[in-house]
Amino acid sequence: MPEHTSPSRRGFLTGAAAVAAATAVPLTAGRAAADGPAATAARPNILLIVTDDQPKHTNWAIQKTIAWLGDHGVEYPNGHVATPLCAPSRSSVFSGRFAHNHGVRNNGASAALDQHSTVQRYLKQAGYRTGLFGKYLNSWTLADNPPHFEDFLLLQPSYSSSANYNDNGTVRQISGYPTNVIKNHALAFLDKAATDTRPWFAYVTPYASHEPNTPAAKYADTVVPAWNGRPSVPEDDRSDKPAYIRNATATLDDARELRKRQLRTLLSVDDAVQAFRDKLEALGQLDNTLVIYVADNGYTWADHGWLKKSVPYSPSHQVPFYLSWPAAGLGSGTVDNRLVANIDIAPTVLDAAGITPDTPQDGRSLLTGYSRGHLLVEWWKQGTAAGGPNTWASYVDKEKQYTEYYDLHTNAAGVVSGTGQVLFREYYDLVSDPYQLRNLLHQATPAEEQALGIPALAATLAADRTS
């Protein structure tokens, strides 16, 4: 991939001015020099919050989160996931790898993840106290303890007030709205810092805002702002789209109902994030805690008639993405316009902790000046049933997106079969057509494809898919 590489975190601190010139509002704005806090601070605590199916345009519901991590941290408006599906995305968070490398290509293939490659393994081995609270990996058996977590409350995904959990090795029901149960157990984990001097890693992952998007009782009737859709909702003329989109039937009313439910569930997540902030402040650990907030994938609100995820359209793979670490100078409320992804989370965490991985990673630390030119986004069809998208891969940058659909599918273990033949292609100019309404490859001539640079994009995409 086109890229610019930079030295490690500490070396990068002296290059803040160069990065400031390269990004509209850089990550490093206000960051200390090489002899400042980041170079001398103790290893940070790490709080990683991963929500479920949270679209990017949900700010109304997470105002407390934004007040903390946006106003006192860094926002990444060009944040993406490398695969817009739960288990593959979460495996990328843990490993810093694309799904074609970590092997979890669908929600049934969680066992394919090499647990030795995970950020929790590295941190636990390095002396961190590790905790997991909430959803883990789809298809993971609830009774199986998640590796490399010292303390855990593993949720069997549900909004039930009597949901099932694996509570440190014991499967049992716990009463209460699941987001609040997860919050309370995570707070208890943080509280142990008062007597346990080890740095800690908390992976907090509520089920919200996944379907069926059942809100807590206190928010069940909360009025949410009106929404009139966007030009892609539902898009009247889809003749230039693949068959599954031409046949999609979701309406603006469908999207409004889903959006309302999602926003209401996220209000409880926002309360939890505020509670975490208050606890860190009470413990005196607010400054030297690296906090990352991200969704495992986005979601379409009837864009192009589609009311799901798993598609190569921006609402599906763009996600809210925030970071805060005041002790390293990342607490002043800046916007970093680099193209970043969930594969960058593990490298960032390990960089902050001073750990050099001994397994491969595809992502790069956000604490360096690395700036990618484009991103690979990929998704695999599971099984051979008709309907829905075929396996696809996309070249994504800030100005364009090129997608190929393939004759490929996976079995439950993530093993790929098929001819690999390209079945359909899409190209969107994201500058003039941000809602991806006009597929410029529809009825394009060879000369028009050449002018768009399609041969070079196809070659780059092919290389990315095997790198």
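Predicted model: local features only at pLDDT ≥ 70, side-chain atom pairs only at ≥ 80, totals over all residues.
**View 1. An open sheet of four strands.** Let's start with the sheet, where the strands follow the order S15-S16-S17-S20 and the pairing is antiparallel. Strand S15 (375-379) and strand S20 (422-429) are the edge strands, each pairing on one side only. From one strand to the next, the twist averages 15°.

**View 2. Where S17 meets S20.** Here we zoom in on strand S17 (residues 400-406), which is joined to S20 by seven bridges. The two strands run antiparallel. To find your place, look for lysine 400: opposite this residue stands aspartate 429 in S20.

**View 3. A helix on the sheet.** Helix H14 (residues 454-464) packs on the sheet. Which strands does helix H14 touch? The helix touches S15, strand S16 (391-396), S17 and S20. The direction of H14 makes about 65° with that of S17.

**View 4. Two helices side by side.** This view turns to helix H8 (residues 178-191) and helix H10 (residues 252-283), whose axes come within 10 Å. They cross at roughly 10°, and angles under 35 degrees count as roughly parallel, so H8 and H10 are roughly parallel to each other. On the H8 side, the contact includes Thr179, Lys183, Leu187 and Leu190. Among their counterparts in H10 are Ser268, Val269, Phe276 and Leu283. Sorted by class, the contact between H8 and H10 has nine nonpolar, three polar and three charged residues.

**View 5. Two cis peptide bonds in a loop.** Most peptide bonds are trans. The loop between strand S9 (200-205) and helix H9 (243-246) is the place to look for serine 209. The peptide bond that leads from alanine 208 to serine 209 is cis, with omega near 10°. Proline 212 is also found in the loop between S9 and H9. A cis peptide bond, with omega about 10°, joins glutamate 211 to this proline.

View 6. Most residues other than glycine have a negative phi. Serine 139, in the loop between strand S5 (129-134) and strand S6 (151-155), has a positive phi near 75°. Histidine 148 lies in the loop between S5 and S6 as well, and its phi is positive too, at about 70°. Why does serine 139 count as partly exposed? Its relative accessibility is 46%, and partly exposed covers the range between under 20% (buried) and over 50% (exposed). Histidine 148 counts as partly exposed because its relative accessibility is 27%.

Note on methods: Residues numbered from 1 in each chain as written. Heavy atoms only, no water. Pairing = 2+ DSSP bridges. Axes fitted to C-alpha atoms, helices over the stretch in contact; angles between N-to-C directions. Contact = heavy atoms within 4.5 Å. Parallel < 35°, antiparallel > 145°, perpendicular 65-115°, else oblique. Nonpolar A, V, L, I, M, F, W, Y, C, P; charged D, E, K, R; others polar. Buried < 20%, exposed > 50% of the residue type's maximum accessible area, 1.4 Å probe, protein only.
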